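Trainee: Could we walk through this one together, a question at a time?
Mentor: Happy to, let's have a look.
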Amino acid sequence: MQFNQLEEIAAAVQTCTLCPLHTGRVKGVPGEGPTDAEIMFIGEGPGYHENRQGRPFVGPSGQFLDELLAMAGLHRREVFIGNVVKCRPPDNRDPLPDEIEMCTSTYLMRQIELINPKVIVTLGRFSMNLFIPGAKITQIHGQPRRINGRLIVPMMHPAAALHQPRNRELITEDFRRLPDILARADTIDPIDPIDPIDPAPRSNSTRSAATPPPELPPEQMRMF
Ligand code: SF4
């Protein structure tokens, strides 16, 4: 049943015309991974290679993501990898708010409900802002927080870190800490929605302990 519904979503993406991004679609990229994955990674949207292959993170940033997953002791076959929007934005521009709203409310949020992962790792600011609106990735990357029973771990997008030595160092450090976060995921107080895990001290962290966690608006809380 769950498998069928995820297959229906994957099929619907290929013919979807609900937002303007369908005009640049060669192949829609619904996402892939085990239907009962405990960890879900959510990126931004398909790029050139993903649009041609219909699979998430298959270009250079995908190779980097594979390296990062290996650092965390994970393989992509163990996790579900998806995107905020399922069709490639033209010239790799940012997805627009209306496009994000349409695609996530129609597809991504249903995928999350069906897969029901314990942990969602957001890759980049667009997926992070689905769960933590208004937050800045440079301030909260690598800081997990429990939102409505699910652990959300914001990370930088691999594409943004690939050629930026400083960001590459930060995302690498965050992925190396991921096993510890996952090991502790079940022990986090479920009623504390704010920064429930205090990361190990990082000598060159950009994190500010005083950074106020943003509140989730009511409509976001209803997504889960
Ligand atoms: S991006 Fe999403 S909502 Fe827009 S056409 Fe593609 S599948 Fe449909």
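Trainee: How many bridges join E3 to strand E5?
Mentor: Bear in mind that this is a predicted model. E5 covers residues 150-155 and runs parallel to E3. The number of bridges joining E3 to E5 is five.

Trainee: And which residue of E3 is the bridge partner of methionine 40?
Mentor: Strand E1 (residues 39-43) is also parallel to E3, and four bridges join them. The E3 partner of methionine 40 is isoleucine 120.

Trainee: Why is strand E3 described as largely enclosed by the rest of the structure?
Mentor: In a regular strand, side chains alternate between the two faces of the sheet. Here Val119, Val121 and Leu123 point one way from E3, while Ile120 and Thr122 point the other way. E3 (residues 119-123) is largely enclosed because five of its five residues are buried.

Trainee: Moving to the helices, is H1 roughly parallel or antiparallel to H4?
Mentor: The axes of H1 (residues 2-15) and H4 (residues 97-115) come within 10 Å and cross at roughly 165°. An angle over 145 degrees counts as roughly antiparallel, so H1 is to H4 roughly antiparallel.

Trainee: How many nonpolar residues does the contact of H1 with H4 have?
Mentor: H1 contributes Gln2, Gln5, Leu6, Ile9 and Val13, and H4 contributes Tyr107, Arg110, Gln111 and Leu114. By class, three of the contact residues are polar and one is charged. The nonpolar residues number five.

Methods. Residues are numbered from 1 along each chain as its sequence is written. This is a predicted model: local features need pLDDT of at least 70, side-chain atom pairs count only at pLDDT 80 or more; totals for chains, interfaces and linings use all residues. Axes are lines fitted to C-alpha atoms, for helices over the stretch in contact, and angles run from 0 to 180 degrees between N-to-C directions. Helices (H or I, at least four residues) and strands (E, at least two) are DSSP runs, numbered from the N terminus. Angles under 35 degrees count as roughly parallel, over 145 as roughly antiparallel, 65 to 115 as roughly perpendicular and the rest as oblique. Two residues are in contact if their C-beta atoms, placed from the backbone, lie within 7 Å. Ala, Val, Leu, Ile, Met, Phe, Trp, Tyr, Cys and Pro count as nonpolar, Asp, Glu, Lys and Arg as charged, and the others, Gly among them, as polar. A residue is buried if 20 or more other C-beta atoms lie within 10 Å of its own, exposed if 12 or fewer, and partly exposed in between; C-beta atoms are placed from the backbone. Two strands pair if DSSP finds at least two bridges between them.
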